[in-house]
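Thanks for sending this one over.

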Amino acid sequence: MSRAQRKQDHITHALATGFAGASSYDDLRFVHNSLPGSSVDNISYTTNVGGLSLSSPIIINAMTGGGGETTESINQMLAQSAKATNTAMAVGSQMSAIKDPAEAASYQIVRRENPEGVIFANLGSEATPQQAVQAVDMIEADALQIHLNVIQELVMPEGDRNFAGALDRIKAVRQSLDIPIIVKEVGFGMSAEAFQTLEEAGITVIDTGGSGGTNFSAVENSRREAKWSFFDQWGISSAAAVAESSFVHKKADIIGSGGIRHALDAAKAIALGASAVGIAGKVLEAVHENGSEGGAAYLNAVLEQLTFIMAAVGAEDVSALQRAPLVLSGETAHWLKERGFD
Ligand code: FNR
């Protein structure tokens, strides 16, 4: 199975698999505020992650590049949507372009389309400091995401089986770059323990990437006779992962992601303690259906609706939204109680 074929497969299967089942965000409700004292006109949703100032808390999370024309055209549409809405955007894993420089164009198109935009590079935790520098330089990135995808690797027949040394490599990469490093999960959820370990290693931005959205176990299992389908139900839910991390975080900024469908999910992730929210699958769906205009329309709707939700809860900026009261129920409340984070 070639790397290019795998990248194409991920897009096809992610679109086909979609978001299934209940969302952990449905376990959360804002406490209605009859006297919010706010005005829609005064809402500001600028935010800050790891010292990077973002014009909104919505980030297009890492997806693709490196698989030929399809991924290049998806990256072009994503970058156009990002530019039109002033949204930060991550590219997919750049290891293929580091191994084969001919693949670099499918990532560089993101910078070409959006020269002034905030763009994140992306590699896995197998990356060396030298590869990290190459990935950042390739797209003049403002930050580097390092993804942790243990379950996806285990489910892939050609995937890694040895996860030793990841933390040491992440530390080495951190020392070789002077831009923020974002360590991210890809949909199985960062635990409080993993969050703390990364924070102690000096990582200042952590994307908690919980379950409930794109499911890389299901995606990989759907590409073959499923052998490891028990991993389809694996993971810490998106809301629980943000809540756990928020409970223990001291200095690191939290990006909440995994299964964010709309502005209400994003607002709830922020109210659980996130400084920004990553969305992958739903933006992919929007550009797949209606091109870059579809992507921009989806993102504009999220931003407009977020403004109204912030006004409703009386939060005129992101830090006020982080303090907005939520009531937790169902599995999410149960999980957090069992884990001692209630
Ligand atoms: C991804 N994701 C991903 N993440 C990463 O760090 N590097 C990558 O190369 C990819 N590739 C990728 C391809 C496709 C087609 C999708 C849909 C996603 C994971 C992504 O950034 C995110 O963590 C998960 O998709 C969970 O978020 P959503 O999709 O539930 O919003």
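**Notes on the model**

1. Let's start with Thr214: apart from neighbours within four places in sequence, Thr214 is in contact (heavy atoms within 4.5 Å) with Ala14, Phe19, Val186, Val219 and Gly281. Between Thr214 and Val186 there are 8.5 Å from C-alpha to C-alpha, and the two are 28 residues apart in sequence.

2. A word on the source: this is a predicted model, where local features need pLDDT of at least 70 and side-chain atom pairs count only at pLDDT 80 or more, while totals for chains, interfaces and linings use all residues. Residues are numbered from 1 along each chain as its sequence is written, and side-chain values use heavy atoms, with hydrogens and water left out.

3. Now the ligand. It is surrounded by 22 residues (each with a heavy atom within 4 Å of it), and the closest are Ala62, Lys184, Thr214, Gly259 and Gly281. An oxygen atom of the ligand lies 2.7 Å from a backbone N or O atom of Ala62. For Ser93, a polar backbone atom is 2.8 Å from a ligand oxygen, and for Gly281 a polar backbone atom is 2.8 Å from a ligand oxygen.

4. How do α11 and α12 pack? Helix α11 (residues 263-271) and helix α12 (residues 281-313) meet at an angle of about 55°, their axes 8 Å apart (axes are lines fitted to C-alpha atoms over the stretch in contact, and angles run from 0 to 180 degrees between N-to-C directions; helices are DSSP runs of H or I, at least four residues, numbered from the N terminus).

5. In that contact, Ala263, Leu264 and Ala267 of α11 meet Val302, Gln305, Leu306 and Ile309 of α12.

Definitions and conventions. Helices (H or I, at least four residues) and strands (E, at least two) are DSSP runs, numbered from the N terminus. A polar contact is a pair of N or O atoms within 3.5 Å; within protein, one must be able to donate a hydrogen and the other to accept it, and residues adjacent in sequence count only if both atoms are side-chain atoms.
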